[in-house]
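Reader: I have a structure open and I'm new to it. Could you walk me through how to read its features, one at a time?

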Amino acid sequence: MDTTAVGKQEAYQSSSDFDFDSDEYDSDPEVTLESIQKSKTIVFSIRANYTNWAPREAFRELVQNWRDGIIKSFQLAERDFCVIREEKTSGRGTEIVYKVLRTDHDDEKEWLGYIRFTTKGGNNAGTVDLTNRAATLQPRHLDLGGTTKAGDSHQAGAHGEGLKLALLVLMRGRQNHSVRCRSGGFNWRFNFTTRGRLVCRLHRMSSQAIHKGEDQARRLSERTLLPFAAKPAGDVQFVIGETHKGRDEWGNSLRRSGVTRQEFDEWIKAALFLCDNVGDGAAIVSTEYGDLLTDPRLRGKIYLKGLLLGESTPTRSASITNRPLKFGYNFAHGRTNRERQSVAGAGEEAEAILAIWGRVLAAKPDMAAELSEMLNNPTPPTYADVMGAETSMGLEMATVLRDYLTGHPFSRKWYYSGDDKAKNPRLDHIIQGLGYEGAELTKVCWTILRRHSLLRTAEEEEQHRFTAAPLIANVDAGSTFATSVRHLLSACGYACPKTKGMAFRFVQAGQLHLDLFYSEAEKTFRVHDRWLSARGAVNELGLPENLPEADIVFHTVKRLFSDGLEQLPVDAFRAVEVNDARTTEWRRRLEISLSEQRLLSYLRLFGPSLDVVLDSGGLLVAWGWWPDARCDLDTVVKIQCHKASRCGHLRSKLLTADDAHTDNLACITPGDQNACRVYRANYRREQEARIDDLVDGEEYFVVLLTPEDPDSFVGISSIIRWTSPAPRSQGPNDLTAPKRITVEPEGFSSPQLHMPLPDFSSDSDISPEEGIDLTSGLALSPSAGSSLGSESNTGDISTMPEQEPANAESRPVASNPRPTSFMLGPRLDALDIFKVDRKRWYEARSNDDMRAVIGILSGEKILPEESRKRRRLDED
């Protein structure tokens, strides 16, 4: 017997008998079917325990070779590989056939291969036959590491050892199935040696045997479901489950077992194209990169080119990452690991899954709901389906996801991440202000959408809307309320060291339900214009509608400035001193409290706005709001009178007493007749003053400040034009001309400032019982143009009418009798008592002792019957 060495792992032996126990080996460096004269025995060094494959994996390898052989022999595209299943059951047994059909342009059918399971009679076990036409199996296909599939994109295997492992698994253990093959005119029989090694025996068929085999196959195809008769010399045919003698993996003789129907049903799950009724409807969504498997029977499974790589179990995922799979996948491209249990690596798996999802979403955008559910899975771990999505999902796919999340029924949702929630304590407030409901996305989903700039954060949307809103050019052109809010809010910002230098700009923000936005880049607060209306502020604050305007101003400015400080970065409130252990939040609240106190102090001193009106002799200035304001009798109030033509720009720049210090104002120069002037008074002793001898036709505005506190807010009046009144002749009914006490400030000769006596109060040196007589020849009715029940929308600052001074020793005497009746105007359905000058309420009586109360509106002319003595001001 001629024997030569083949290598360390294999040897070949020629023999004329079927003695599988022979220890003599033939040797041939390269054996082909053509080189075998009659027979050849190939013994492999691998043993039965070489692999942990199950029978299904072994059958998968045979199916893979069967499918790949058909594709290669007939040069098919994978999409043209079409399998048709047929089944027939009768008293003779069961027959199931899977056959591959090709249809040409003339609709001519050609059968390319088949897989057949058959049983006989009542026997539950039978055989499995895998046949593909126009193919040949060569001995080299059994070599370890030998393969013809490497580099072929249509072939699923590439390691060259799958066939040997499949044979080993099918014959060992409980399977105990025989395996034989016919190809190239040879019978191939597989078994174990007495030493438990895998062995293959090749025997050349005679021409008579080949002819006999073809004739038997033809007759079988005529009475069964077989599409054609197999040819021993031209096709490859594997038969599993014939019951003849063999050896087990221990070398013991035994009879082989047939293949049961239960086994076959389990085996065919190894190939997607063999699974029954899973390709109908939407169970499989096919794309150029592979298939998305939505059928519940296929979920959790991974296939490569239709062949099963892995199936998830309760304890193990089919994914190489071991993360759970929500769907199944059939990859159109890829390489497997050596055990054929997965693709080559986790990155390749993630890339393949994403590629499939990208095409699925393009064809079926409604599937974005499933993708979103996986990305936003609230319970870890993350699905293997989306493992690579965070870094690899493309713009097109992410856009479909975004469109789903922002479409119906989620159109009122605003999305945020957990990190955004942790870093931004205002997040819920901002989202509500935008008019949305908050919804949290997982870090993976959020990162994907943000990476492609498909979502804004709530803070970015707030900035966008406020930035896009048009600015209000002239806030002071609105109401007195608007002017007060603008001035005091700017003053709060200027006096606070954390916001000094920052600007407050009001914008027309429409339906945006947010108060203001701080732009770090611009160092600017953009404030919603709804806060420029007293009614809008009341609605936002939830205050009663009948509050005085001063109260509304206070709450408005307090709310806006507090919100502004909340938006500043935390670093703005870091401790300056090393040993200061107080928190940044404590320092933030401190600045809020200090600004609130400055605001209260201002309102207690000057009220919500500064009253300046035309008087018969000049401008009448009034201040003082709360009688219990905590100010000493010696608290100094400085009054500055500025020409608008020269100093109009100061109205928006003077915010605190330090700004208005005379050293900082070039317009105030002692000795200059044309310079602006400054006077000084005591807060509790005088609360009104008159500036006289003004230039006819000139426009003026007045500034009030308390210089003792440099951070205190200044009061600034609106601009008012002085027009000299026409001379008035004194009639017999006129009151006695009052005496005036005047003072000229240092450096000025002609303008005069006059102060009235205090109002009737506990500190007044005129008793309230003395009264003022307004009934002498007086009949009053409301002005047709006045409305006490509506808010002014034109003036910046509320005004106070002029009051004439009276000699303390001389009381006016009425020369005419009291009127017999009052002249009444239309009934007032609503009365805003705050539009009545608080110092011009009078008691009146008719001659028949009917009593009435008369209140004169702010801004009305001074009646001759009104009188009050005034005090002298100190020079500044």
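This is a predicted model: local features need pLDDT of at least 70, side-chain atom pairs count only at pLDDT 80 or more; totals for chains, interfaces and linings use all residues.

Reader: Which side chain does arginine 587 meet in a salt bridge?

Author: That of aspartate 580, with N and O 3.0 Å apart. Salt bridges can also share partners: Arg56, Glu266, Lys269, Lys301 and Glu311 are joined into one network that way.

Reader: How many salt bridges does the count come to?

Author: The count comes to 43. One of them pairs glutamate 242 with arginine 180, and their closest N and O atoms are 2.7 Å apart. To read such a pair, look at where each partner sits. Glutamate 242 is in the loop between strands E10 (236–240) and E11 (245–247), while arginine 180 belongs to strand E7 (residues 179–183), so the bridge ties together parts 62 residues apart in sequence.

Reader: Is arginine 180 buried or exposed?

Author: Buried, at 17% relative accessible area. Glutamate 242 has 22%, which makes it partly exposed.

Reader: Now, how do I read charge on the surface?

Author: Look for like charges that gather. Asp104, Asp106, Asp107 and Glu108 form a negative patch. Aspartate 107 sits in the loop between strand E4 (93–103) and strand E5 (109–119). Its relative accessibility is 60%, so it counts as exposed, the cut-off being over 50%.

Reader: Which residues gather in a patch of positive charge?

Author: Lys88, Arg92, Lys120 and Arg223. Arginine 92 is in the loop between strand E3 (82–90) and E4, and with a relative accessible area of 69% it is exposed.

Reader: Which residues form a nonpolar patch on the surface?

Author: Leu828, Leu831, Ile833, Trp841 and Val853, which together have about 500 Å² of accessible area. Within that group, valine 853 is part of strand E34 (residues 851–857) and is exposed, at 62% relative accessible area.

Reader: And a residue on the inside?

Author: Take glycine 618, in strand E25 (residues 618–622). Glycine 618 has 0% relative accessibility, so it counts as buried. Glycine 618 and isoleucine 691 are 73 residues apart in sequence, yet their C-alpha atoms are 5.3 Å apart.

Reader: What is glycine 618 in contact with, leaving aside its neighbours within four places in sequence?

Author: Val613, Arg690, Ile691, Asp692 and Trp722. For the whole protein, take the contacts between residues at least 6 apart in sequence: 69% of these join residues at least 24 apart.

Reader: What does the rest of the overall picture look like?

Author: The secondary structure comes to 17 helices and 34 strands. Of the 876 residues, 50% are buried. The protein exposes about 41900 Å², and carbon and sulfur atoms supply 48% of that area.

Note on methods. Residues are numbered from 1 along each chain as its sequence is written. Side-chain values use heavy atoms; hydrogens and water are left out. Patches are made of residues with over 30% relative accessible area and no salt bridge: like charges are joined within 9 Å, nonpolar side chains (Val, Leu, Ile, Met, Phe, Trp, Tyr) within 5 Å. Accessible areas come from the Shrake-Rupley method with a 1.4 Å probe; for residues, only the protein chains shown count as cover. A salt bridge is a side-chain nitrogen of Lys or Arg within 4 Å of a carboxyl oxygen of Asp or Glu. Lys and Arg count as positive and Asp and Glu as negative; His and the chain ends are not counted. The place of a charge is taken as NZ of Lys, CZ of Arg, CG of Asp or CD of Glu. Helices (H or I, at least four residues) and strands (E, at least two) are DSSP runs, numbered from the N terminus. Buried means under 20% relative accessible area, exposed over 50%, partly exposed in between (1.4 Å probe, protein chains only). Contact means heavy atoms within 4.5 Å.
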